[in-house]
Amino acid sequence: MTVVPSESSVAVSWPAVAGATSYRVAYRATASSKTLFQDVPSGTSAVVSGLNEGTAYWFKVSASNSAGASAFSAAAHTTTGSGDVVIPGVPSGVSTVVSGQQVSVSWTAVAGATSYTISYSTGGGAATTVASTATATVITGLAASTTYSFRVRAENAAGNSAYSAAVTATTGEAPTDEEPGGSVAGATTASPLGGDPRKDAIYFIMTARWYDGDPSNNMGGALHEKSGNAANDDPMFRGDFQGIIDKLDYIKGLGFSALWITPVVTNRSDYDFHGYHGWDFQRIDPRLESPGATYQDLINEAHAKGIKIYQDVVYNHTSRWGEKNLYSATVYGKRDAEWSWYYDEPVPGKVYNPAKPQPDGSAYNGDLWSETQPADQNCQNWGVQSGYSAEGYKVYHCQWPNATSGMFPEEYFHPCWIGNWEGSDSKDCWIHEDLADLNTESAVVQDYLIDTYNKYIDMGVDGFRVDTAVHIPRVMWNRYFLPALQEHAVSVHGEKGKDFYVFGEVAQFVHDKWNRGSVNHSAPFYTWKERREYSPDDVQAVIEQYQYENLMGGDGQPRSANAFLDGNNYRTPDYSQFSGMHIIDMRMHMNFDNAHTAFHSGMDSDDVTNDATFNAVYVDSHDYGPGKSNVRFDGGTAAWAENMSLMWTFRGIPVLYYGSEIEFQAGQQIDCGPSCPLETTGRAYFGDHLEGNVVASDFGVVSSASGAVATTLAQPLSQHLQTLNRIRRGVPALQMGQYSTEGVSGEWRSSVVTLRGRPTASCW
């Protein structure tokens, strides 16, 4: 590969690769952690423009054809020219935010600057420097109770500015408790299993509600009594990783070779067993782990059984309090006669530890409130009384996290509420008061999320189910997050990394092909790369992409034949425009009142999905039943059996929500929050049905079982699943094949579908 620099661009060229139809250039400023990409649809050269002058970059190239993409080449390095650039001015507006033993440093952008250096030191210590291409950075690993001086200089090809005036910050005291329990993401590593994800059927569990392998980590929380859970001796955190490890043979015995689990990160709210209120994305929730049953242990044990782990991940939002490593909100509070019951006395160095609740079941919150407004806090009318509570207590402005009050810095979080679920605001505003919406157009947030989720790839997880994917603009997925996932998985795990399965939740809760006419809010839309160039400014690019694609409408979207046979022959798929994200088949999910309707609805969307043979297909889930029903599917055993038969023999990857194998909680409300006991919902504890012993000799083959689990495995739908999984695993065309309804007619043509696998498959 050859690279020839100019002032703000680099010409890249490379030898042609046999069989390649297109290429992708990856490049990164050496001082940055963010990799950018440029697609090259034809030829063996490209000019990468819009680069910073006088900046060192590396470049790599990947070759693609309809079968997929190669690994990236070795890097070629160069530095852009300087031209008539002048030395930038001294940065101003330097400020700091302290969170324990880390400090966030930010400053005002300097015209002409291409990078910055942050220098920090203690009174008599040597200075440490950190490079950044953004206007903020988080410095971690600092000493406790220590005052540091921070200075920033601006840089470009012409030279460096002087350092800014020093700004001091004193770190918090060392925690009086040990760090909150759970293991640190990426501290241990392993390899994924690899292999085409379409070969696997997926069993989906809410970890905290599945099986209790270690009662010592059960936690009821502050709402244990109010919710009614206490009366049932049913703490919200009950199932755990030890429970999954103990019952892996049950999953294998049913015939499943992949396990989708709810988010594993440390959560923070009064009712957070589900995992979607992330507080520390880089630490496993201690309420799920046990000695000898860490998250890494679960991954390793599952892999030893031949079972993949698909981790549920969240890029869109954090807990209502923010995220510990990015920014956590401080609210107004006071320990007076009315509120001392709610606000814990602040203890220097004490940290939030959900595994060590207080006597009333609540977690320590003394780190979240203050009567004095912090210097970095811009919440308006701080501490001014705003009214009274239902109990007659005085309530105050800034007493609770709020999107629009100025409490959250816009560098980290969006400052608005969603008003139109099919509007552009659904891409960059809060969807609920307990989900602080991350500013995914911010370089600081992008870098943090990419670095964080790379750690879980390092641990050997086999894929990500992406929560609330629709609430992040597709152009941000295509620019940053998806290429970063792909590049890291392949760079760390080689060929196995190419099989890393990403399937997104693009919530399309309607029966239509396009979500109420909005392509930007439709599931198939997210399977495609961008079709044109947008502004290099991410905020502007989001606006341009949304407007352009809505103008193009459904008729103007790309089409694909990847799921369909060519006549009656196998078709070589074309993945040149694939984004890297597969999808949950929301169209089939919404129409699964019966198999016939689900089949026709799914088939109707396959031509606008890049490759529907990778769709994750389920009837119901932890959120909704078919038709956005708020109850678990209750159509009866025969309807369940027919739905399963379709999912296991039609295109796509079948997914089963835990308990459906025995029609568990059929017709029960799926979620009511803490307003009713979990035992009465679709998120009830399943462990009573798993007691006893089970040994699986193969997928879908139970060699022995006793106790309640034997009864569970003997139920009609459990038996049906075992049979379906054995059939599907034995017929490659059912796993990865394309389909055709050519020459088939009649009301029930869904039961007569021609399937074909690759020409090398053992079954045609």
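**Questions on a predicted model**

Colleague: In which helix is the place of Ser718?
Modeller: This is a predicted model, in which local features need pLDDT of at least 70 and side-chain atom pairs count only at pLDDT 80 or more, while totals for chains, interfaces and linings use all residues. Residues are numbered from 1 along each chain as its sequence is written, and side-chain values use heavy atoms, with hydrogens and water left out. Helices (H or I, at least four residues) and strands (E, at least two) are DSSP runs numbered from the N terminus. On that basis, Ser718 falls within residues 716-730, which form helix α11.

Colleague: Is Ser718 buried or exposed?
Modeller: A residue is called buried under 20% relative accessible area, exposed over 50% and partly exposed in between, using a 1.4 Å probe and protein chains only. The relative accessible area of Ser718 is 0%, and Ser718 is therefore buried.

Colleague: How are α8 and α9 oriented to each other?
Modeller: Axes are lines fitted to C-alpha atoms, for helices over the stretch in contact, and angles run from 0 to 180 degrees between N-to-C directions. The axes of α8 (residues 595-605) and α9 (residues 637-649) come within 9 Å and cross at roughly 25°. Angles under 35 degrees count as roughly parallel, over 145 as roughly antiparallel, 65 to 115 as roughly perpendicular and the rest as oblique. The two helices, α8 and α9, are therefore roughly parallel.

Colleague: How do the residues of the contact of α8 with α9 divide?
Modeller: Ala, Val, Leu, Ile, Met, Phe, Trp, Tyr, Cys and Pro count as nonpolar, Asp, Glu, Lys and Arg as charged, and the others, Gly among them, as polar. From α8 the contact draws on Ala595, Ala598 and Phe599, and from α9 on Glu642, Asn643 and Leu646. They divide into four nonpolar, one polar and one charged.

Colleague: And how do the residues of the contact of α5 with α6 divide?
Modeller: Helix α5 (residues 474-493) packs on helix α6 (residues 538-552) with the axes 8 Å apart and at an angle of about 130°, and the pair is therefore oblique. The contact joins Arg474, Val475, Met476, Arg479 and Tyr480 of α5 to Asp538, Ala541, Val542, Gln545 and Glu549 of α6. Its residues divide into five nonpolar, one polar and four charged.

Colleague: What is the relative accessibility of Lys628?
Modeller: Lys628 is found in the loop between β33 (616-617) and α9, and it has a positive phi of about 60° although it is not a glycine. It counts as partly exposed because its relative accessibility is 41%.

Colleague: What is the relative accessible area of Glu663?
Modeller: Glu663 has its place in the loop between β34 (653-657) and β35 (693-698), and its phi, near 55°, is a positive value in a residue other than glycine. Glu663 is partly exposed because its relative accessible area is 23%.

Colleague: Which residues is Arg320 in contact with, leaving aside its neighbours within four places in sequence?
Modeller: Arg320 lies in the loop between β22 (317-319) and β23 (322-323), and its relative accessible area of 11% means that it is buried. Apart from neighbours within four places, Arg320 is in contact with Trp400, Pro401, Phe408, Glu433, Asp434 and Ala436.

Colleague: Is Gly141 buried or exposed?
Modeller: Gly141 has its place in the loop between β13 (136-139) and β14 (147-156). Its relative accessibility is 73%, and Gly141 therefore counts as exposed.

Colleague: What radius of gyration does the protein chain have?
Modeller: The protein chain has twelve helices and 38 strands, and its C-alpha atoms fill a box of roughly 75 × 70 × 45 Å along the principal axes. The radius of gyration is taken over C-alpha atoms, and the globule rule is 2.2 Å times the number of residues to the power 0.38. For 764 residues a compact globule would therefore come out near 27 Å, which agrees with the value for the protein chain, 27 Å.

Colleague: What share of the residues in the protein chain is buried?
Modeller: Among contacts with a separation of 6 or more, 72% join residues 24 or more positions apart. Of the 764 residues in the protein chain, the buried share is 57%.

Key
Contact means heavy atoms within 4.5 Å.
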